[in-house]
Amino acid sequence: QETSLLCVMHSLSTLLLAAVPRTKEIAPGVHMPTMSLGTCCGSDPSVGVAPWLASGGVGIDTANDYHDQPAIATALKATGAARDKIFLTTKVPAGVAALHGPGKLDCSLDPQRAVDVLKENLAQLRMTHVDLVLLHGPCELQGTAAAVDPAKANAAQWQGMQMALSSGLTRAIGVSNYNVTHLEALLAAPTTRVKPAVNQCQMSINGSAFCSPETGVCLHGPGHDDATIAFCRTHNITYEAYDVMSGCPFHDARLGAIARAHGMSAAQVCFRWTLQRGAILATGTGHNATKAALHSKDDLGTYDPNFELTGEEMAYLDGIRP
């Protein structure tokens with residue numbers, strides 16, 4: 001089964017050569033940048049937002065539990081960027097709290113909870129609406145500690161997301177860290193009227209799995225989940241990658257040779273691999289102001305129209321395993 005999936009992905013990668021636009025329509029009339037600035041995990045928006053926008057970036061990705069939304073609001077105000085010139089993604093905590101220790105739960109059977117958290121996000125961002133809001137994870141991540149039925153909680157929180165969409169608080173809604181099983185259940189829920197526009201998940205060439213040492217619950221497996229990627233494509237759900245750089249095999253000799261052959265950096269090869277797989281992505285630029293400017297320029301340089309990975313190069317990168 002894994003071999004069949006790889007063959008399908010290799011064929012799709014070949015078809016996607018030279019077809020990596022800067023935006024993708026994720027919902028009717030909603031065009032999302034295929035690369036966004038991620039502000040999680042050491043990527044400081046106070047030094048990253050300005051150079052990202054100055055380098056031609058448009059998308060900014062944050063979350064309620066990144067605790068950096070006020071800093072993003074300040075940074076955006078300082079740049080003077082018009083609201084319609086940025087694409088802002090935020091997230092509603094769901095499931096992921098369990099990864100930070102036992103007893104930390106953030107799932108609810110009350111749909112209004114998702115609306116209320118989004119309103120809190122908007123207040124921190126000093127915005128009237130965002131372009132995309134995601135449920136940060138499936139409630140199954142809470143494992144045996146879950147106080148509510150995970151599938152019912154997912155459906156209830158998704159109902160709240162649909163309420164937020166109808167109210168104009170966001171232009172599109174999606175999920176994060178959902179696998180095929182989670183997506184199938186959500187799509188089958190009787191209260192689901194709008195399918196997720198985006199599923200943001202870990203995706204890299206050879207990244208490691210992440211499991212909480214406290215609970216044993218895993219947020220994601222290693223590398224790339226080809227089954228979920230294929231499911232999302234079949235159901236017209238845009239797959240968005242995170243952790244592309246943490247799983248970029250910088251020391252792989254052949255990857256280095258591929259980069260040199262194209263006159264690009266190893267990081268750009270990993271970004272281009274992701275985009276040619278049909279995914280979009282969010283990536284951080286660190287916390288050093290000088291390096292953030294360099295990273296922004298390098299990352300967005302992946303769009304160079306003269307740069308595309310061959311089918312053979314894509315097949316090699318697909319085959320690297322942790």
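How far apart are the sulfur atoms of Cys-107 and Cys-139? I looked it up: they sit 2.0 Å apart and form a disulfide, a term I use for a pair of cysteine sulfur atoms within 2.5 Å.

Ground rules before I go on. This is a predicted model, where local features need pLDDT of at least 70 and side-chain atom pairs count only at pLDDT 80 or more, while totals for chains, interfaces and linings use all residues. Residues are numbered from 1 along each chain as its sequence is written, and side-chain values use heavy atoms, with hydrogens and water left out.

**Cys-107 and Cys-139**

The S-S torsion of Cys-107 and Cys-139 comes out at about -105°, so I log this disulfide as left-handed. The pair links distant parts of the chain, 32 residues apart: Cys-107 is in the loop between β5 (87-92) and α4 (112-125), and Cys-139 is in the loop between β6 (132-135) and α5 (150-166). My helices (H or I, at least four residues) and strands (E, at least two) are DSSP runs, numbered from the N terminus. Cys-107 is buried at 16% relative accessible area, and Cys-139 is buried at 1%. For the record, buried means under 20% relative accessible area, exposed over 50%, and partly exposed in between (1.4 Å probe, protein chains only).

**The other disulfides**

I count four disulfides by this rule. With bonded cysteines counted along the chain, the pattern reads 1-2, 3-4, 5-6, 7-8.

Cys-248 and Cys-270 form another one, with the sulfur atoms 2.0 Å apart. The torsion about their S-S bond is about 80°, so this disulfide is right-handed. Cys-248 lies in the loop between β11 (238-242) and α8 (253-262), and Cys-270 in helix α9 (residues 266-276), so the pair ties together parts that are 22 residues apart in sequence. Cys-248 is buried at 6%, and Cys-270 is buried at 1%.

Then I checked Cys-40 and Cys-41, which also form a disulfide, sulfurs 2.0 Å apart. Cys-40 is partly exposed at 28% relative accessible area, whereas Cys-41 counts as exposed at 75%.

**Cys-201 and Cys-232**

Cys-232 is in no disulfide. I find Cys-201 buried at 6% relative accessible area and Cys-232 buried at 1%.

**His-182**

Is His-182 buried or exposed? It counts as buried, at 11% relative accessibility. I place His-182 in helix α6 (residues 180-188). Leaving aside neighbours within four places in sequence, His-182 is in contact (heavy atoms within 4.5 Å) with Pro-138, Glu-140 and Asn-177.

**α4 against α5**

The axes of α4 and α5 come within 6 Å and cross at roughly 50°. I take axes as lines fitted to C-alpha atoms, for helices over the stretch in contact, with angles from 0 to 180 degrees between N-to-C directions. The two helices are therefore oblique to each other; angles under 35 degrees count as roughly parallel, over 145 as roughly antiparallel, 65 to 115 as roughly perpendicular, and the rest as oblique.

On the α4 side I noted Gln-112, Arg-113, Ala-114, Val-115 and Leu-118, which meet Gln-157, Gly-160, Met-161, Met-163 and Ala-164 in α5.
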